[in-house]
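Student: Hi! Could you walk me through this one while I have it open?

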Amino acid sequence: MLRSARPVLVVALAAASLSLPAAGAASRRADTYFSAAENGIAQTKAAWWNPAANWYAQRQHVPTDGPRDVATLWDVFPLFEAVDLVAIARPNAKRRAAVDAIARGAERYWNPGIKPVGAYFYLPFQRPTATAFFDDNGWWGLAFFDAYTATHNRRYLTDAIRAYRTIAIAGWAGNMGGGVWWDTDHTRTTSEPLAAEILLAAELYGATHQRAYLNESLKLLAWANKHSWNRTRGLYQRNATDAVVMNYVEGMMIGAHATLCRVLHKKSYCTKAEKLAAASVKAFPPSYHWATETDAIYYRWFLTLYAIDRNPRWYALADNWAKKALANARDTKGLFTKRWDGTTGDARRLLTPGGTLMLLAAVASVPAPR
C-alpha cells in the first residue's frame with residue numbers, strides 16, 4: 001500500500017544512452033553491490049529493530065517504543081525482497097536462515113478472519129473486521145515466492161499461495177466487469193494488485209505446473225490488455241478511466257510477460273515484454289527517480305527480462321541507479337536513508353533503505369553483461 005509518494009503522469013522523453021562496464025569491472029561491481037546489500041541489511045536491522053515487538057519498527061527505533069511499534073507490510077516489503085535476493089544470488093546456510101527469519105516474521109501479518117478467505121493485513125495484528133489492501137497481498141505474495149526460491153521451503157510457497165488466493169477470490173471485481181479491487185472495502189479498481197497477481201500467478205505456475213495458476217494469470221492479463229492498456233503510450237494505466245501510469249506497475253507487467261515467456265516457452269511474451277520495456281524507458285527515462293521503494297520494484301523486474309533475453313540495455317538501466325545509490329544514498333551513519341540522487345527522502349521510514357537494498361541485491365543477483 002503506497003503512502004509515501006503519489007503516482008504522476010510523466011511525459012515521454014528519449015532515453016539517455018548508458019555505458020556498460022568491461023567484464024572484469026562488472027564482476028567487481030557485482031561484488032560491491034552484493035557486499036553493500038548484505039552489510040546494509042544488517043545495519044538496517046540494527047537501526048530499525050524493536051526488541052519489544054521482536055520485529056522491525058516503522059521508523060528508526062527509539063528504546064521507549066512498545067510492542068505495537070511495528071512497520072507496515074509495505075515498509076517491510078523492499079527489505080524482505082532484499083534478504084531473499086541476497087540468498088538467491090549467493091546461497092549459503094546463513095543467508096537461507098536470514099530468509100527464514102524474515103519470512104516467519106512476515107507470516108504474522110496473515111489475518112484469517114478477514115472475509116471471505118483471509119488476507120495479509122498491513123499490520124501484524126488480528127483485526128477480523130479491518131480493511132485489507134490487495135496490493136499489500138501482492139507484495140507479500142511475491143516476497144514469499146522469492147523466499148521459497150531462496151530456501152526451497154514449501155512453507156513459503158504456501159504463504160505465497162495464500163496471497164494469490166486472497167486476490168483471486170476476494171480481489172476480483174467480477175460484479176463490476178472485472179479488474180482487481182484496491183481494498184476489501186471495494187473503493188476502486190487499480191493496476192498495482194492486478195499486475196502483482198498476474199506476475200505471481202505466472203511464477204506459481206512455473207513452480208507447480210498447476211494449470212489454475214496459468215489460467216488466472218492469462219485471465220487477468222487479457223482483462224488488462226482490454227481495459228487498462230493505453231494504446232497511445234504502449235503502457236498499462238491505472239484502470240479503464242484513469243490514465244495515470246506508474247513505473248512499478250510497468251515493471252511487474254514486464255516481469256509477468258517475461259515469466260510467461262520462460263515458463264511457456266513462447267517468444268511472443270518476450271517480444272511483448274521488450275516492447276513494454278522500451279515504452280517504459282520513454283515514459284520513465286534514466287533521469288526519472290520517484291521513490292526508492294517504487295523504483296526498486298521497477299528495476300527488479302526489468303532484470304527478470306534481462307535474465308531471459310540478455311539485452312544489456314535493461315541491465316544498464318538498473319546498474320546506472322545502483323551506482324548512483326552507492327555514491328549518494330548513504331547518510332553520515334552509513335545507512336541508506338537518502339534517495340538515490342542524494343536528495344532527502346523519508347529518512348526514518350524503513351522502506352527508504354529497504355528500496356535501495358532491494359535494488360543493490362537485484363543487480364547483484366544477475367550476471368553482468370560480458
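**Helices and rings**

Student: Is the crossing of helix 7 and helix 8 left-handed or right-handed?
Tutor: The crossing of helix 7 and helix 8 is left-handed, meaning the near helix is turned anticlockwise from the far one by less than a right angle. Helices are DSSP runs of H or I with at least four residues, strands are E runs of at least two, and numbering starts from the N terminus.

Student: What should I keep in mind about the model?
Tutor: This is a predicted model, in which local features need pLDDT of at least 70 and side-chain atom pairs count only at pLDDT 80 or more, while totals for chains, interfaces and linings use all residues. Residues are numbered from 1 along each chain as its sequence is written, and side-chain values use heavy atoms, leaving out hydrogens and water.

Student: Back to helix 7 and helix 8: at what angle do the axes cross?
Tutor: Roughly 135°, and the axes of helix 7 (residues 211-227) and helix 8 (residues 247-264) come within 12 Å. Axes are lines fitted to C-alpha atoms over the stretch in contact, with angles from 0 to 180 degrees between N-to-C directions. That makes helix 7 oblique to helix 8, as the angle is not under 35 (roughly parallel), over 145 (roughly antiparallel) or 65 to 115 degrees (roughly perpendicular).

Student: Which residues meet there?
Tutor: L214, S217, L218, L221 and A224 of helix 7 meet M253, H257, L260 and L264 of helix 8; contact means heavy atoms within 4.5 Å.

Student: New topic: how many aromatic pairs are there?
Tutor: There are 30 aromatic pairs in the structure. One of them is W110 with Y120, edge-to-face at 4.9 Å centre to centre and 70° between the planes. Ring centres of Phe, Tyr and Trp (its six-membered ring) must lie within 6.5 Å, with planes under 30 degrees apart stacked, over 60 edge-to-face and the rest tilted.

Student: Where do W110 and Y120 sit in the fold?
Tutor: W110 is in strand 3 (residues 110-111) and Y120 in strand 4 (residues 119-120), so their pair ties together parts ten residues apart in sequence. Both W110 and Y120 are buried, which means under 20% relative accessible area with a 1.4 Å probe, protein chains only (exposed is over 50%, partly exposed in between). They also belong to one aromatic cluster with W49, W55, Y56, F80, Y109, W140 and F144.
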